Amino acid sequence: MSVVKIRIGFIGSSPPQSPHHESFKALIPAGVAMDFVQEAKPGASLWDARGKSDALIEQAAGLIGPGEWDGIIVSGGPREVLNPGFYERLSAELQVPVATALRSSAVALQVAGVQRALLMTPVDDKLKDLYRDYLAAFGVAAVYPPQTLRAHTDAQKLSGKQVAAMTTKNFAEQTGIDGIYFQGALLDPLKVLDALEADLRVPIIASNPAMLWYVLSKLGLKYEIAGYGRLLRSWPALPR
């Protein structure tokens, strides 16, 4: 058993025992512990994240404690676009490095040199438009395929093979795509990331690996994690 040197808190809308947390745990390098915590009073709708910055920041500050967490991940794309300046507030008010889904992924897309990304996410089109606007501020143009799932939670019923097939089909139907971005862990590409990158020959950024890379890089750490895409395998430096 490896000695824990770094402890990261992970706050999200899902319970700690959620299946997509299990797939994320496979990415965590030796010596890093991850504490999964559900946000207090998660909403029934993704849009319920609007106006909840204060409560979540208060919860996070209370959980960090003196010396408890060396860094914190706050997942969930909707909370970022529905609460402008959310990442900046977290960074200013918490005393440890912070990673959020959209910020981490946008920076990862930048570092990979992606200019036009295929956005794969199960949220509704209005939220996708907000994601697209967020990415545009980082110089990344995003396009997304038509919605085929009745509810965003249906994404967790898809196998890795189905996720890969859906992505390959949508990629083939677009032009000028030089990268792919998976936002949200319910549409889980982790088990097929390496194969998809090899088949489609473009960098693929998924929000969970991006947040892990971002927060550990903020702590001055560098790893080589094979099997989950180019980002974790090559571990590029954060831009200054």
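A salt bridge, as I use the words today, is a side-chain nitrogen of Lys or Arg within 4 Å of a carboxyl oxygen of Asp or Glu. With that rule, a search of the whole structure turns up 10 salt bridges.

Before we go on, two housekeeping notes, everyone. This is a predicted model, where local features need pLDDT of at least 70 and side-chain atom pairs count only at pLDDT 80 or more, while totals for chains, interfaces and linings use all residues. Residues are numbered from 1 along each chain as its sequence is written, and side-chain values use heavy atoms, with hydrogens and water left out.

Let's start with R7 and D35, whose side chains form a salt bridge at 2.8 Å, N to O. Which parts of the chain does this pair tie together? R7 sits in strand 1 (residues 6-12) and D35 in strand 2 (residues 32-38), so the pair links parts that are 28 residues apart in sequence. Strands here are DSSP runs of E with at least two residues, helices are runs of H or I with at least four residues, and both are numbered from the N terminus. How exposed is R7? R7 is partly exposed, at 29% relative accessible area, and D35 is partly exposed too, at 23%. For that scale, buried means under 20% relative accessible area, exposed means over 50%, and partly exposed is in between, with a 1.4 Å probe and protein chains only.

Next, two salt bridges inside helices. In helix 1 (residues 19-25), K25 and E22 are 3 residues apart, about one turn of the helix, and their side chains meet at 2.9 Å, N to O. K25 is partly exposed at 35% relative accessibility, and E22 is partly exposed at 44%.

The other one is in helix 4 (residues 86-93), where E93 and R89 are 4 residues apart, again about one turn. Their side chains meet at 3.0 Å, N to O. E93 has a relative accessible area of 40%, and R89 comes in at 29%. Salt bridges with shared partners also join D54, R89 and E93 into one network.

The axes of helix 2 (residues 53-64) and helix 4 come within 11 Å and cross at roughly 30 degrees. Axes are lines fitted to C-alpha atoms, for helices over the stretch in contact, and angles run from 0 to 180 degrees between N-to-C directions. So helix 2 is roughly parallel to helix 4; under 35 degrees counts as roughly parallel, over 145 as roughly antiparallel, 65 to 115 as roughly perpendicular, and the rest as oblique. Which residues make the contact? On helix 2 they are S53, D54, L56 and I57, and on helix 4 they are F86, R89, L90 and E93. Contact means heavy atoms within 4.5 Å.

Two strands pair if DSSP finds at least two bridges between them. Strand 5 (residues 116-120) and strand 7 (residues 179-182) run parallel and are joined by 4 bridges, and the bridge partner of L119 in strand 7 is Y181.
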